[in-house]
Amino acid sequence: MPALVLQNVRKTYPSGDSEIVALDRANLEVPDDQILALVGPSGSGKTTLLSIAGGLLSATEGHVVVGGHHITEYSAKQLTAFRRAEVGFVFQTVNLVPFLTARENVMVAAELAGGAPEKAARARADQLLEELGLAHRAENLPAQLSGGERQRVAIGRALMNEPKLILVDEPTSALDTTLGNQVMALIVGEVKARRTAAIIVTHDTRMTHYADRTVEITDGILAA
Amino acid sequence: MRLALRELRRSRRRFVPTTGALALLVVLLLMLGGLLDGLYIGSTGALRSQDDELVTFDRSARESTLRSRIEPDTRAAIEAVPGVRGTSGFGIALVGADVPRTDELADAAVMGYEGRVGGVPAPPAPGRAWADRSLEARGVRVGDVLRVGPTRIPLRVIGWVDDTNYLQQGGLWVEPGTWRTVLAESRPGAAVGDDVFQNVWVDVAPGADPARVAAAIDAATGTTRTITRAEAVLALPGIREQNATFTQIIGVTFLVAGLVVALFFALLTLERTPMLGVLKALGASSRQLVGALMTQTVAVTVIAFVTGGVIALGLDRLIPPEVPLVVTPDRAGFVAVGVFVAAVIGGAVSLRRIIRIDPASAIGTGT
Ligand SMILES: Nc1ncnc2c1ncn2[C@@H]1O[C@H](COP(=O)(O)OP(=O)(O)OP(=O)(O)O)[C@@H](O)[C@H]1O
Ligand SMILES: [Mg+2]
């Protein structure tokens, strides 16, 4: 089963009398272990596509299937549960919960799911932090971490619930190139090790060699 | 929700000003309520401790015990009314009492009674009195001889009774003859003859309707006005005004408490909208986030109430005994419930904003 299927997905925003077409008849299939790089200039619709794939935005037209879930038909409530269980996000700006430690930030999704017992969740969070090279920072608050460390905590947070699809929006833009490369390598490594699907948005073509496949987007139109 | 309590603990400092302000409002509410209760208790005890349901005044006295006179023949007419099982005469003289070992005059209400007053034993021998325990704070002791009125009539205190004061004056309960002497000496113009009282309290026969009996009494005498004990309490000078004034101030204070909470959580919600958006994107439901807000509201209220309560208890000890402050468990419960309701309503103001936060805002699209 593919991790993501987009069929004729359109997203428009009303703008005065006319409308802005952010995504135009997009068709895309991402197999369940593929890392896909989505590249394109600013305003081309990358974030829009990611948001629709992750159930954050609803498409104006078309059909979206994520790991067998036909989310185009989901209610807001179902989408909330879907996001919690099925997708992992790494946002453009790292937005950690300021009063939680690195470990607690990683566990926040598990806590929201109310699923895993505390002990198991904690062990898993510690293992993730270890893999991300943050074992010694587990007890620190976000304010006490560097930009790169925060980004890594955010990656841990996205992986915590073992999602079927990982969506990464331009994680490198806030970091310098070396650090950006490291973070990207880390994400790819983690995703590959888990054999999960991922879409990684970037406007930096140098980053695409990490991906199994690259798709370009211009003015809301996908080109293979 | 655990997340909400964790924030409360870790970001304690940002919650301190609001919790502190709320605690001070709790102190104010307890003090205002305590004063209202103290004034009420100290004004009305003599009437509230009566056993009988109805009390008869002379009609021209307009429900004032001190102005009223009931002659023996009127009393006989009252006793003949069907549904009246018995009557007891009652009268009050407000005097200053000279307390041994002190230079001050204590305000006292000398009450002549014939029995049927709950909490007060049978009338003592002439020249003796049961004293209200509040007089203890004025230096009175059991066995003392108080000298009351301008001619310093001696009254020996033979024991304590509780909650029997009249218009903030300490109750001294005496047999009717002693009361008549005190009244004649302290206010010669108001002196009454033998067997005359100011009020007659009416014992209504079981099964009889008090309202009907009251109407029948006034019809039979033609010169009286008979009301219930509760009505007599409210007819005391100042009681209605006191209640209305304090109730308004207390109401406004609850309103301020609600506004403090509303403003604080509205600002807090505004400030953390981006974070709440991220939590929604990660799968937090609006219900969870609203639950977190309410958890914090309740926690802040509980802490504020406990802090305010402790401060109020401390102040209560410092306040001099002549201030009629009485903090009852009922009043504390009322304040607790009132502040809780005000805070929950205040917190709920931010509810809509939280529900309307778009999870898509976390990723940079959407509004
Ligand atoms: N909420 C919105 N209302 C109106 N127009 C929007 C909204 N969100 C996005 N757009 C428009 O949709 C188009 C695609 O936006 P999107 O954010 O997907 O671009 P992007 O490829 O992620 O750009 P960037 O690289 O700068 O992040 C843009 O023209 C943008 O202005
Ligand atoms: Mg974008």
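**Notebook: chains A and B**

I began with the interface: chain B and chain A bury about 2400 Å² between them, with 63% of that on carbon and sulfur atoms. On the chain B side, I found that B:Arg10, B:Leu282 and B:Ile363 lose the most area to chain A, together 28% of what that side buries. I kept in mind throughout that this is a predicted model.

**Entry: who touches whom**

I looked up the contacts next, and 26 residues of chain B meet 27 residues of chain A. For polar contact across the interface, I noted five residue pairs. Which elements of chain B each supply at least two residues to the side that touches chain A? My list reads helix 1 (2-10), helix 8 (273-281) and helix 9 (286-318). Helix 8 of chain B gives the largest share, six residues. Sorting that side of chain B by class, I got 13 nonpolar, six polar and seven charged residues.

**Entry: salt bridges between the chains**

How many salt bridges are there between chain B and chain A? I found two. I followed one of them, B:Arg6 with A:Glu104, where the closest N and O atoms are 3.8 Å apart. The pair runs from helix 1 of chain B to helix 3 of chain A. Are its two ends buried or exposed? B:Arg6 counts as buried because its relative accessibility, 11%, is under the 20% cut-off. A:Glu104 is buried as well, with a relative accessible area of 14%.

**Entry: B:Glu7**

I stayed in helix 1 of chain B for a look at B:Glu7. This residue is buried, at a relative accessible area of 4%. Leaving aside neighbours within four places in sequence, I saw B:Glu7 in contact with A:Phe99 from the other chain, and with B:Arg12, B:Arg14, B:Phe15, B:Arg272 and B:Gln296. I also checked B:Glu7 against B:Phe57: they are 50 residues apart in sequence, and their C-alpha atoms are 64 Å apart in space.

**Entry: salt bridges inside chain A**

Over all chains, I have 30 salt bridges on my list. In one of them, the side chains of A:Glu139 and A:Arg103 meet at 2.9 Å, N to O. The pair links distant parts of the chain, 36 residues apart: A:Glu139 lies in the loop between helix 4 (118-131) and helix 5 (147-159), and A:Arg103 in helix 3 (residues 102-113). A:Glu139 is exposed at 55% relative accessible area, while A:Arg103 is buried at 9%.

I then turned to A:Glu162 and A:Arg124, whose closest N and O atoms are 3.6 Å apart. This bridge spans 38 residues, from the loop between helix 5 and strand 7 (165-169) of chain A to helix 4 of chain A. Again I have an exposed Glu, A:Glu162 at 54%, and a buried Arg, A:Arg124 at 18%. I also wrote down a network: shared partners join A:Arg10, A:Glu19, A:Asp24, A:Arg25 and A:Glu61 through salt bridges.

**Entry: aromatic pairs**

B:Trp179 and B:Phe197 are stacked, 6.1 Å centre to centre with 5° between the planes. B:Trp179 sits in helix 4 (residues 176-186) of chain B and B:Phe197 in the loop between helix 4 and strand 8 (199-204), 18 residues apart. Both B:Trp179 and B:Phe197 are buried. Finally, I noted a cluster that ring pairs build from B:Phe15, B:Phe264 and B:Phe265; B:Phe15 is also one of the contacts of B:Glu7.

Notes. Residues are numbered from 1 along each chain as its sequence is written. Chains are lettered from A and ligands numbered from 1 in the order in which they are written. This is a predicted model: local features need pLDDT of at least 70, side-chain atom pairs count only at pLDDT 80 or more; totals for chains, interfaces and linings use all residues. Side-chain values use heavy atoms; hydrogens and water are left out. Contact means heavy atoms within 4.5 Å. Buried area is the accessible area (1.4 Å probe) that two parts lose on being put together, summed over both. A salt bridge is a side-chain nitrogen of Lys or Arg within 4 Å of a carboxyl oxygen of Asp or Glu. A polar contact is a pair of N or O atoms within 3.5 Å; within protein, one must be able to donate a hydrogen and the other to accept it, and residues adjacent in sequence count only if both atoms are side-chain atoms. Helices (H or I, at least four residues) and strands (E, at least two) are DSSP runs, numbered from the N terminus. Ala, Val, Leu, Ile, Met, Phe, Trp, Tyr, Cys and Pro count as nonpolar, Asp, Glu, Lys and Arg as charged, and the others, Gly among them, as polar. Buried means under 20% relative accessible area, exposed over 50%, partly exposed in between (1.4 Å probe, protein chains only). Rings of Phe, Tyr and Trp (its six-membered ring) pair if their centres lie within 6.5 Å; planes under 30 degrees apart count as stacked, over 60 as edge-to-face and the rest as tilted.
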